[in-house]
Amino acid sequence: MKLAIIKLGGSVISDKRRPYSLKYELIREIGDVLRRSLDEWRLILVHGGGSFGHPKVKEIMDKNMTLKDMGWEVIRIMCDMSVKVTEALGRPFAPYSTPSLWSRGIIVEPLLEAINVDWVPVLQGNVVPPGIVISGDEIVKELALKLKPELVALATDVEGVYASWPPQGPPLKKASPCDVEAKGSQGIDVTGGMKKKLEEMNMVAKVTRVIVFNGLKPENYEKILKGKIVGTEIVPC
Ligand SMILES: Nc1ncnc2c1ncn2[C@@H]1O[C@H](COP(=O)(O)OP(=O)(O)OP(=O)(O)O)[C@@H](O)[C@H]1O
Ligand SMILES: [Mg+2]
């Protein structure tokens, strides 16, 4: 069966302008759509920090404390977020704690064992020892380079990648990280928004198909998994 790695942007499943908020109804709908694809696809999901991880890291920084001392607080809140997200996604999505699967990179064997019994493991952007933020996008990159999936799909809160920001005109059909003028995020963000996302995806786009699309529309997940073109395809520099 084919493997897809899907990142649910924190910008999709939460409101990054409102700390500790989740869009439960939308997450349920996304769960329904993804579940229907499971006879054709094996899935590994990763979600971003959204309105959980980003403000918590900022809060720690603003108090002049370090993630070496306080990283466990971020881990707690991100694992809490993953439990809530997977409960809303429904069967057979399960939270997999990123720091438990990280030792100088992602440990993939437990994930492969999960997909072999038709579960969908869900990782999250998180903090790992000695107090480093690993974004959801970085996890996707690590997974993709190791597992070489058929598809990497990054759900975010815009229609795709625009040539410049703020956008003038429609999103690009194909975008090369070298040509795009991307910026950070609209809410609280500690992992570099679209700019960093594109940098992370450059290498991934050399080994697999990478799509950035609007994940606020549940039907888009189905379209992409059926091979239709939605959003922006990333092509390497
Ligand atoms: N050229 C660009 N094209 C599209 N979006 C851009 C561009 N430049 C900057 N952005 C910003 O990047 C944001 C998406 O990145 P952001 O990190 O906020 O989302 P995410 O990765 O889905 O969320 P999270 O980091 O919580 O997982 C958009 O909402 C937009 O504000
Ligand atoms: Mg981001």
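This is a predicted model: local features need pLDDT of at least 70, side-chain atom pairs count only at pLDDT 80 or more; totals for chains, interfaces and linings use all residues.
Trainee: Which elements cover the buried residues of α3?
Mentor: The buried residues in α3 are G50, S51, F52, G53, H54, P55, K56, V57 and I60. Burial here takes 20 or more other C-beta atoms within 10 Å. What covers these residues includes α1 (10-13), α4 (67-89) and β6 (132-134).

Trainee: Which residues come nearest to ligand 1?
Mentor: There are 24 residues around ligand 1. By class, the shell has eight nonpolar, 12 polar and four charged residues. Helices α1 and α7 (193-207) each supply at least two of the shell residues. Those that come nearest are G9, G10, G48, W165 and S185.

Trainee: What is the radius of gyration of the chain, and why does the chain count as compact?
Mentor: The chain has eight helices and 10 strands. For 237 residues the globule rule gives 18 Å, and the chain's value is close to that, so the chain is as compact as a globular protein of that length. Its radius of gyration is 16 Å.

Trainee: What share of the chain is buried?
Mentor: The C-alpha atoms fill a box of roughly 45 × 45 × 35 Å along the principal axes. Of the 237 residues, the buried share is 45%.

Notes. Residues are numbered from 1 along each chain as its sequence is written. Chains are lettered from A and ligands numbered from 1 in the order in which they are written. A residue is buried if 20 or more other C-beta atoms lie within 10 Å of its own, exposed if 12 or fewer, and partly exposed in between; C-beta atoms are placed from the backbone. Helices (H or I, at least four residues) and strands (E, at least two) are DSSP runs, numbered from the N terminus. Two residues are in contact if their C-beta atoms, placed from the backbone, lie within 7 Å. A residue is near a molecule or strand if its C-beta atom, placed from the backbone, lies within 6 Å of it. Ala, Val, Leu, Ile, Met, Phe, Trp, Tyr, Cys and Pro count as nonpolar, Asp, Glu, Lys and Arg as charged, and the others, Gly among them, as polar. The radius of gyration is taken over C-alpha atoms; the globule rule is 2.2 Å times the number of residues to the power 0.38.
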